[in-house]
Amino acid sequence: MNRSKDGSTISQPHDPRTPTARPGTELLTWLRPEPGERILDLGCGNGDLTAAIAAAGAIPTGIDASEETIRRAIQRYPGLDLRIADARRYRSDSRYDAVFSHAALHWIQDAPAVAETIRFALRKGGRFVAEFAGKGNVAALTGAIEQVLKTYGFPWEGRNPWYHPSIGEYASLLEQIGFRVTFARHLDAPRPLNGEEGLRKWLDSFAEHFFPEIVPSERGPLYDAIVSLAKPALYKEGQWMLDTSRLRIMAVKDTD
């Protein structure tokens with residue numbers, strides 16, 4: 001990928017649905033960290049991508065709201081600058097050359113606050129590179145969950161933990177605060193599940209959000225109904241597929 005000084009010229013990377021050795025590695029080819037650059041990894045998780053940024057010679061700072069996640073990341077990468085911080089409120093005394101985020105922004109529903117954090121973090125001309133779940137992500141499945149919960153007399157409001165914007169919604173948010181969006185793409189990338197059991201395990205993994213007041217021993221009938229309702233959309237040619245979608249975006253901060 002060739003990038004001009006302000007980050008506005010981008011060549012097409014390989015198909016992002018192509019598997020890579022580590023989740024998010026291909027996104028780093030968009031970031032293209034350079035030696036000496038200060039880069040903020042927003043929602044750094046286990047620190048793997050922060051370490052990859054450092055390996056390129058850049059100077060990364062990784063932040064994540066989870067104390068346990070940061071503790072484990074520091075154990076894996078004791079030489080990295082990894083901090084517990086809320087992406088909605090993080091501020092630094094000095095500016096970064098780039099902000100990078102992989103698979104984190106959809107977990108933060110206060111998108112305007114996060115966008116302001118990114119704006120404050122960047123120097124003028126700095127770039128923002130991110131990928132996260134976009135509009136339509138697991139929509140067939142969450143739609144089935146909503147319908148079944150309502151059938152059983154449970155309200156839906158407040159259960160969906162995610163922020164899944166469209167390209168227009170998110171690009172407009174950035175443009176309103178002084179960014180120039182240089183690339184944005186919505187990607188439908190269905191992910192195979194390990195049969196119906198894989199779908200049920202997915203439901204278990206997010207049960208604290210969708211079924212917090214229902215004890216595990218009483219979730220079976222709801223799961224059965226959800227699986228039945230979601231099957232026409234998610235079961236294709238003998239394979240269960242999770243209807244995942246991603247939003248990939250690159251922007252440059254135009255104003256200081």
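**Exercise 1. Determine which residues of α4 and α6 meet, and describe how the two helices pack.**

Step 1. Ala111, Pro112, Ala115 and Ile118 in α4 meet Tyr170, Leu173 and Leu174 in α6, where contact means heavy atoms within 4.5 Å. Helices (H or I, at least four residues) and strands (E, at least two) are DSSP runs, numbered from the N terminus.

Step 2. Sorted by class, this contact of α4 with α6 comprises seven nonpolar, no polar and no charged residues. Ala, Val, Leu, Ile, Met, Phe, Trp, Tyr, Cys and Pro count as nonpolar, Asp, Glu, Lys and Arg as charged, and the others, Gly among them, as polar.

The model is predicted: local features need pLDDT of at least 70 and side-chain atom pairs count only at pLDDT 80 or more, while totals for chains, interfaces and linings use all residues. Residues are numbered from 1 along each chain as its sequence is written, and side-chain values use heavy atoms, with hydrogens and water left out.

Step 3. Two packed helices are described by the angle between their axes and the distance between the axes. Helix α4 (residues 111–121) and helix α6 (residues 167–176) pack at an angle of about 50°, and their axes are 10 Å apart. Axes are lines fitted to C-alpha atoms, for helices over the stretch in contact, and angles run from 0 to 180 degrees between N-to-C directions.

Step 4. This angle makes α4 oblique to α6. Angles under 35 degrees count as roughly parallel, over 145 as roughly antiparallel, 65 to 115 as roughly perpendicular and the rest as oblique.

Step 5. The crossing of α4 and α6 is right-handed; a crossing is left-handed if the near helix is turned anticlockwise from the far one by less than a right angle, and right-handed if clockwise.

**Exercise 2. State which parts the salt bridge of Glu37 and Arg127 ties together, and whether the two residues are buried or exposed.**

Step 1. The closest N and O atoms of Glu37 and Arg127 are 2.8 Å apart. A salt bridge is a side-chain nitrogen of Lys or Arg within 4 Å of a carboxyl oxygen of Asp or Glu.

Step 2. Glu37 lies in the loop between α1 (28–31) and β1 (38–42), and Arg127 in strand β5 (residues 122–133), so the pair ties together parts that are 90 residues apart in sequence.

Step 3. Both Glu37 and Arg127 are buried. Buried means under 20% relative accessible area, exposed over 50%, partly exposed in between (1.4 Å probe, protein chains only).

**Exercise 3. Describe the salt bridge between Glu68 and Arg71.**

Step 1. The closest N and O atoms of Glu68 and Arg71 are 2.5 Å apart.

Step 2. About one helical turn separates Glu68 and Arg71, because they are three residues apart in helix α3 (residues 67–76).

Step 3. Glu68 has a relative accessible area of 34% and is therefore partly exposed. Arg71, at 40% relative accessibility, is also partly exposed.
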